[in-house]
Amino acid sequence: MNFSGLVFCRIYINSETAEAHRAAFNEVDRIVGLDTGSGLRWRHLDARSLTDFVGMILEITGDQGGGQSKGFGLYFIDAAARRPPRYDLHEPLRLITSLTIYEHLHRIFRLCTTHAKRNIRKSKVSESVRNDMRSLMCVRHPDWDGTIRRICEAGGQAGRDWVFDKENSHGERDDNLIESSHFDVNQDGRYCSLVSGIEKGRRFDMLKLQSVKSIEEVNIRPSYKTGHPSENQTRSLKRRENTRHKTLDSEDKKIESYNAHFEDTKRKWFNARRTLYDRQQKHPNARTAIQIQNSTKSIETARKTLDQAARNWKALVDTVTTLPRGSGKHRAFTFTDVHWG
């Protein structure tokens with residue numbers, strides 16, 4: 001089985017707006033109609049029933065470019081208007097021409113969660129807001145409107161911009177095939193002239209087609225990797241596990257550093273206590289006024305040193321609640337771990 005992605009067409013565009021993408025998608029539809037006698041067929045527009053899947057585009061995947069996704073929605077409105085009156089598959093009492101931009105997208109558009117998570121990670125909001133953002137990547141949410149409201153309120157302008165820019169979608173969790181096609185062609189050069197970019201893209205697509213043909217006819221692959229989704233998932237799990245281990249190691253080091261500081265602070269407190277005790281024991285031996293005065297001063301100095309050591313120790317232990325949990329190999333020390341003898 002071949003799991004390589006083939007490029008159907010490349011669109012070279014010099015604008016990121018929704019209207020520019022709308023025009024581009026309509027033009028692709030028109031050219032396909034001229035070449036094949038029929039324009040692009042979309043399941044949510046052309047299927048006769050919910051079980052009708054053959055000969056139609058079932059779903060599309062895109063990144064977080066607002067102009068691209070909204071441009072698709074505008075194109076679908078145009079495509080629906082070109083078709084005979086037909087009722088929607090999911091809301092049988094509505095005509096497909098009555099669907100809004102985002103209702104069209106909800107039926108067929110899938111947001112790449114890899115892009116979504118990366119952009120959430122870069123968002124200038126608190127971690128709790130990021131967690132709310134991540135929670136929206138699901139089929140059903142227990143408090144969708146409330147979560148959107150919290151992101152807007154707690155996330156400030158960055159949170160409101162994020163909500164405004166994103167559309168919700170479900171399906172495949174990434175667009176790795178699309179991104180791999182971008183990456184492969186980028187290997188031949190970036191920031192090329194238009195003619196050079198078109199020619200390099202065409203050359204690459206022809207070579208990729210030959211590779212696919214070799215796989216199908218003589219089972220010769222361009223790589224030892226098959227491209228099966230299980231391989232991608234395995235690599236993803238390994239990367240995730242490695243990241244998790246690195247995070248836990250980092251957290252363990254923070255706990256070890258805290259424990260070392262704890263032991264050092266404890267030692268200073270016990271030394272200060274011993275010093276105060278020794279000076280108090282020697283005080284009765286003072287005979288002259290000068291000796292008594294010096295002994296009294298030394299006791300007061302030792303008492304201040306002990307008080308400062310106690311404050312430092314307590315301040316350190318108060319920070320234990322801010323420490324990460326770590327892997328469980330190390331436990332952060334507290335006063336209950338001290339032998340007070």
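Helices here are DSSP runs of H or I at least four residues long, strands are runs of E of at least two, and both are numbered from the N terminus. This is a predicted model: local features need pLDDT of at least 70, side-chain atom pairs count only at pLDDT 80 or more, and totals for chains, interfaces and linings use all residues. Residues are numbered from 1 along each chain as its sequence is written, and side-chain values use heavy atoms, with hydrogens and water left out.

**Stop 1: helix α1**

Select Arg-30 and Glu-27. Both sit in helix α1, three residues apart, about one turn of the helix. An α-helix has 3.6 residues a turn, so residues three or four places apart point the same way. The two side chains form a salt bridge at 2.6 Å, N to O. The term means a side-chain nitrogen of Lys or Arg within 4 Å of a carboxyl oxygen of Asp or Glu. Arg-30 is partly exposed, at 45% relative accessible area. Glu-27 is also partly exposed, at 34%. The scale: buried is under 20% relative accessible area, exposed is over 50%, partly exposed is in between (1.4 Å probe, protein chains only).

**Stop 2**

How many salt bridges does the structure hold? There are 22. Now select Arg-10 and Asp-205, whose side chains meet in one of them at 2.9 Å, N to O. Arg-10 lies in the segment before α1 (18-36) and Asp-205 in helix α10 (residues 194-218), so the pair ties together parts 195 residues apart in sequence.

**Stop 3: helix α4**

Select residues 101-108. Which of them are buried? Ile-101, His-104, Leu-105, Arg-107 and Ile-108 are. They share one side of α4, because their arc around the axis is only 160°. That arc is taken from the directions from the helix axis to the C-beta atoms.

**Stop 4: aromatic rings**

The structure holds 13 aromatic pairs. Rings of Phe, Tyr and Trp (its six-membered ring) pair if their centres lie within 6.5 Å; planes under 30 degrees apart are stacked, over 60 edge-to-face, the rest tilted. Select Trp-42 and Phe-76: this pair is edge-to-face, 5.0 Å centre to centre, with 90° between the planes. Trp-42 is in the loop between α1 and α2 (43-46), and Phe-76 is in helix α3 (residues 66-81), 34 residues apart. Both are buried.

Next, select Trp-269 and Trp-313, a tilted pair at 5.6 Å and 45°. Both are buried.
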